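Let's take a walk through a protein model together, one part at a time. Keep the picture in view as you read, and look for each residue as it comes up.

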Amino acid sequence: MKRKGLLLNDFYTLKDQYFTYGKVMLALMVLACVINMSSELTELSEVAYLMSPFAIFAMSMMMTLFTYEEKSGFMKYAFTTPVTRKSYLQEKYLFSLFNTTAGILVGIILLLMYALFHKYVPTVQDIGWMLLFSGGEFLVSMVMVAWTGMTSSNTMAMDLHLK
């Protein structure tokens, strides 16, 4: 139950950021479609850059979340509840996993829609490439989140020991 409460807290903390980022991503995708309207799509790897912002989204959301919680003092409050440091960090990694997976899935869906908009039917090679590229994005995103979590965790530990 503690983890559910922390997950809901994270989601509600970032709810406005999701909508803002969604508007920016929509404008970016429309711009990309307009710019590439006249070019013929022969492989999905030609438009790989369309998937990258969605992985960056997951990383930036977690960094924003850690920053919000450090500045607002939420970590100090959270540890006055039955939440342990270990469960707090586990929840952050779980939330990051959800964010990263959702971002990558949205990127894949929009890339496939972009391909179909250009009347290109993805091949098996394209699907394999997308899965490989998505796996790389996933790993990079998780490493960045782990690094952010470790630095935040060290700051949190120092704050708790100093006070």
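Begin at K119, which comes after helix α4 and has a positive phi, near 60°. Keep in mind as you look that this is a predicted model.

Now step back to the whole protein. How many helices and how many strands does the protein have? There are five helices and zero strands, and reading along the sequence gives the pattern α-α-α-α-α. Of the 163 residues in the protein, 39% are buried. Among contacts with a separation of 6 or more, 86% are between residues 24 or more positions apart.

What lies inside? In soluble globular proteins, nonpolar side chains tend to be buried together. Here the largest nonpolar core has 17 residues. Those with the most contacts inside this core are L41, L44, V47, L50, L111, Y114 and M130. Helices α1 and α4 are the elements that give two or more residues to this core, and α4 gives the most, with five residues.

Leaving aside neighbours within four places in sequence, L44 is in contact with L111, L112, A115, Y120, P122, D126, W129 and M130. There is also a second, separate core of 10 residues, which includes Y18, F57, M62 and F66.

Next, look at the charged side chains. Side chains of opposite charge can pair when their charged atoms come close. In this model the count comes to two salt bridges. One joins the side chains of D10 and K92, with N and O 2.7 Å apart. This pair links distant parts of the chain, with D10 in helix α1 (residues 2-35) and K92 in helix α4 (residues 85-117), 82 residues apart. The other salt bridge is between E91 and K92, whose closest N and O atoms are 3.3 Å apart. Both E91 and K92 are buried. Through shared partners, salt bridges join D10, E91 and K92 into one network. D10 is buried too.

Where does D126 lie? It lies in helix α5 (residues 124-162). D126 is buried yet has no salt bridge. Why is D126 without a salt bridge? A salt bridge needs the nitrogen and oxygen to be within 4 Å, whereas the nearest side chain of opposite charge, K119, is 17 Å away. The side chain of D126 does have a polar contact of 2.3 Å with the side chain of Y120. Neighbours within four places aside, D126 is in contact with E43, L44 and Y120.

Q125 and L44 are 81 residues apart in sequence, while their C-alpha atoms are 9.3 Å apart in space.

Now find S96 in helix α4. With a relative accessible area of 1%, S96 is buried, since the cut-off for buried is under 20%. Apart from neighbours within four places in sequence, S96 is in contact with M62, M142 and V145.

The last stop is L116, which is in helix α4 as well. Its relative accessible area is 55%, so L116 is exposed. The C-alpha atoms of L116 and L41 are separated by 9.9 Å, although the two residues are 75 residues apart along the chain.

Conventions:
Residues are numbered from 1 along each chain as its sequence is written. This is a predicted model: local features need pLDDT of at least 70, side-chain atom pairs count only at pLDDT 80 or more; totals for chains, interfaces and linings use all residues. Side-chain values use heavy atoms; hydrogens and water are left out. Helices (H or I, at least four residues) and strands (E, at least two) are DSSP runs, numbered from the N terminus. Buried means under 20% relative accessible area, exposed over 50%, partly exposed in between (1.4 Å probe, protein chains only). Lys and Arg count as positive and Asp and Glu as negative; His and the chain ends are not counted. A polar contact is a pair of N or O atoms within 3.5 Å; within protein, one must be able to donate a hydrogen and the other to accept it, and residues adjacent in sequence count only if both atoms are side-chain atoms. Contact means heavy atoms within 4.5 Å. A nonpolar core is a set of buried Ala, Val, Leu, Ile, Met, Phe, Trp, Tyr and Cys residues joined through side-chain atoms within 4.5 Å.
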